Amino acid sequence: MPDIAAVKAALAAQRIETPSWGYGNSGTRFKVFAQPGVPRDPYEKLDDAAEVHARTGVAPKVSLHIPWDRVDDYAALAAHAKERGLELGAINSNTFQDDDYRLGSVCHPDPKVRRKAVDHLLECVDIMDATGSTDLKLWFADGTNYPGQDDIAGRQERLAESLAEVYARLGDDQRILLEYKLFEPAFYTTDVPDWGTAYAHCLKLGPKAQVVVDTGHHAPGTNIEFIVALLLREGRLGGFDFNSRFYADDDLMAGAADPFQLFRIMHEVIAGGGLDAAAGISFMLDQCHNVEAKVPAVIRSVMNVQEATAKALLVDADALAAARRSGDVLAANAVLMDAYATDVRPLLRELREEQGLDPDPVAATLRSGRLERVAAERVGGAQAGWGA
Ligand code: PSV
Ligand code: MN
Ligand code: MN
């Protein structure tokens with residue numbers, strides 16, 4: 001049976017990175033519902049992230065998105081983070097919101113547009129130098145809508161060239177995290193549609209390029225934990241963008257739609273040694289809270305990732321190995337299901353109490369009156385970026 005002290009130690013050591021854009025207003029293509037008290041600038045987004053970390057104890061890193069989080073002085077922003085017990089995490093590039101990018105960015109047929117896109121990515125590395133961030137997270141909206149619109153292989157060539165230029169600019173401790181997504185905004189071809197394409201580009205680039213698995217970026221029915229196990233084994237799993245989906249890239253709270261899938265993913269992560277800090281796997285959230293209160297929703301998501309992790313840590317590895325060795329399919333499955341069926345909330349409450357935290361982080365932030373206080377202080381909050 002798993003040693004509970006070791007399970008608790010692993011849970012206490014886990015780090016979950018929250019996205020700056022999760023704290024801003026967001027919506028669908030139909031409507032952005034503004035909420036009272038949302039941050040007006042990147043500094044206030046960090047203040048909200050600090051509340052999430054203060055309540056959970058496991059969320060000290062915050063991903064930024066450029067230009068949504070552009071500031072004059074990134075060292076000052078990093079200092080603001082540090083004062084609040086935070087660090088700046090992945091720098092997310094944005095080559096999808098300018099008119100120039102109608103036909104793509106790094107894969108665009110016009111070299112001038114590609115130049116602009118690559119220059120932006122290089123600027124993101126400059127920002128990493130200033131903030132101390134180690135991860136450049138790249139998601140490209142590039143693709144085509146109609147057969148014949150552009151040369152599929154030619155676009156791969158442009159992508160490879162662009163990535164190589166950015167890769168050459170990375171410092172020793174910096175890496176590219178390349179994200180894939182099946183479709184949207186392009187509907188016929190997408191230039192990085194799947195893990196295989198991302199993996200092929202990362203292999204060509206070198207060891208400082210790894211794949212990011214966004215749980216909302218696959219066709220329905222895709223076995224994400226298989227992808228995780230494979231990339232981990234190949235040393236190319238850089239991290240996750242956790243979120244939930246019912247239909248496509250819904251960006252709902254992690255663990256809300258399919259907590260069993262999150263458990264299965266965390267089981268493969270743990271089996272492959274990916275929970276050890278030395279593995280360098282970044283557990284990020286990539287979510288937008290369109291109708292729910294944002295800080296409590298981010299806290300809930302962090303807790304959901306913790307619960308999936310706790311259940312996966314409770315898998316009896318010895319019993320599982322024995323059942324597998326003897327070919328006992330039902331017993332092997334039962335070991336996994338027993339762990340999944342365990343109510344880990346008491347364990348996590350106990351851990352938080354031991355750490356001097358409130359056992360119920362959502363209730364604690366709601367009770368604190370912080371939401372009302374910031375709503376009174378902050379007037380005219382910012383949008384997350386989409387539709388901005
Ligand atoms: C767009 O699909 C997206 O949700 C990607 O997942 C990125 O990680 C995120 O936006 C931020 O650019
Ligand atoms: Mn993502
Ligand atoms: Mn997405």
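Analyst: What follows begins with the helix pair and then turns to the backbone and the ligand shell.

The model is a predicted one, and in it helix H2 (residues 42-56) packs against helix H3 (residues 74-83) with the axes 10 Å apart and at an angle of about 20 degrees. Because angles under 35 degrees count as roughly parallel, H2 is roughly parallel to H3, and the crossing of H2 and H3 is right-handed. On the H2 side the contact is made by Pro 42, Tyr 43 and Leu 46, and on the H3 side by Leu 77, His 80 and Ala 81; five of these contact residues are nonpolar, one is polar and none is charged.

The loop between strand S2 (61-65) and H3 holds Pro 67, and the peptide bond from Ile 66 to Pro 67 is cis, with omega near 15 degrees. A cis peptide bond also joins Glu 184 and Pro 185, where omega is about 10 degrees, and Pro 185 lies in the loop between strand S6 (175-179) and strand S7 (189-190). Glu 184, in the loop between S6 and S7, has a positive phi near 80 degrees although it is not a glycine. Most peptide bonds are trans, and most residues other than glycine have a negative phi.

The residues around ligand 1 include His 65, Glu 179 and Lys 181, and the shell as a whole divides into seven charged, two polar and one nonpolar. An unreviewed UniProt entry lists residues 72-249 as "domain: Xylose isomerase-like TIM barrel", a span that is 39% helix and 17% strand.

Technical notes
Residues numbered from 1 in each chain as written. Chains lettered and ligands numbered in written order. Predicted model: local features only at pLDDT ≥ 70, side-chain atom pairs only at ≥ 80, totals over all residues. Near = placed C-beta within 6 Å. Nonpolar A, V, L, I, M, F, W, Y, C, P; charged D, E, K, R; others polar. UniProt positions renumbered as here; feature names shortened; annotations may be inferred. Helix = DSSP H or I, 4+ residues; strand = E, 2+ residues; numbered from the N terminus. Axes fitted to C-alpha atoms, helices over the stretch in contact; angles between N-to-C directions. Parallel < 35°, antiparallel > 145°, perpendicular 65-115°, else oblique. Left-handed = near helix turned anticlockwise from the far one by under 90°. Contact = placed C-beta atoms within 7 Å.
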